[in-house]
Amino acid sequence: MMPHFIIRLLPFFLLASVYVVWCNAGRTLGYNRGLQAFFKTCPIWYLVFFVIDMLQQTPPQIGNNFDDFRLWIAMGLLISSLGDVCLVWKDMLFIPGILFFGLAHTCYIVSFNLRGTNPHGNILLAEISIPIVIFCLTYILSGIDTWAMTILVALYTFVLLWMGYLSIRRYEHIQTPANLCGMVGGSCFLLSDFMLGVEKWQCCLPLPDGLCIMTYYTAQLGLACSATEEIFYR
């Protein structure tokens, strides 16, 4: 099943690569924002299709609860694509973009809660991540010059942190390949948004071209692959 699984994800890797190459070319040739929004969202739309297609392949031993999990993951991906579009026009639609991504993370939180975690289990890694993220948040917030934006970013980061925390705790509770994908996805989202926050409100990071967007795509890929449990039941 694994080779077939990888083949099914090849369109995602192709679309993500096309966008990164297109962005690099756009720095020289100039951007068309409409095309940028289209190419940026195509990999996410494919992941939505990928997750929805999994709904037709749920084995009996997993049941309807996993279907609900997939629906919430697919909904989060779809809402994220709206946030992507807004951030292409971030000079005008930055706040709606934050709101869309906050709503997407809420969908991921609901999905992780549907699967359930053991609150009394070993959650050392999840607990360690909290002070690290709080420190990073404090650093980013210190560069914001308006109270309204500070509050909005703080609320967004709380939702993002809770999503990342649940993804880690879920893997520590049940260590399966699919849960590992979810943990990687949640962690990469934290890293991606931290890099973007630092670049917007603190300083320009000396990062390779495309690193932030590829970290973001890795995050969404990991969350989508957390809905592939049936592959490991066959």
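**Salt bridges and helices in a predicted model**

R33 is partly exposed, with a relative accessible area of 33%; here buried means under 20% relative accessible area, exposed over 50%, and partly exposed in between (1.4 Å probe, protein chains only). The model is predicted, so local features need pLDDT of at least 70 and side-chain atom pairs count only at pLDDT 80 or more, while totals for chains, interfaces and linings use all residues. Residues are numbered from 1 along each chain as its sequence is written, and side-chain values use heavy atoms, with hydrogens and water left out.

The protein contains eight helices and zero strands, where helices (H or I, at least four residues) and strands (E, at least two) are DSSP runs numbered from the N terminus. Of its 234 residues, 50% count as buried. Among contacts with a separation of 6 or more, 79% join residues 24 or more positions apart; a contact means heavy atoms within 4.5 Å. The accessible surface comes to about 11600 Å², and carbon and sulfur atoms hold 71% of that surface. Accessible areas come from the Shrake-Rupley method with a 1.4 Å probe, and for residues only the protein chains shown count as cover.

Side chains of opposite charge can pair when their charged atoms come close. The structure holds three salt bridges, each defined as a side-chain nitrogen of Lys or Arg within 4 Å of a carboxyl oxygen of Asp or Glu. R33 pairs with D91 at 3.0 Å, N to O. Because D91 lies in helix α4 (residues 90–115) and R33 in helix α2, this pair ties together parts that are 58 residues apart in sequence. D91 is exposed, at a relative accessible area of 57%.

A second salt bridge links D84 and K40, with the closest N and O atoms 4.0 Å apart. D84 belongs to helix α3 (residues 64–88) and K40 to helix α2, so parts 44 residues apart in sequence are tied together. Both side chains belong to buried residues: D84 has 2% relative accessibility and K40 has 11%.

In a further salt bridge, R8 meets D53 at 2.2 Å, N to O. R8 lies in helix α1 and D53 in helix α2 (residues 33–54), so the pair ties together parts that are 45 residues apart in sequence. R8 is buried at 15% relative accessible area, as is D53 at 19%.

Helix α1 (residues 2–29) also contains I7, which is exposed at 53% relative accessible area.
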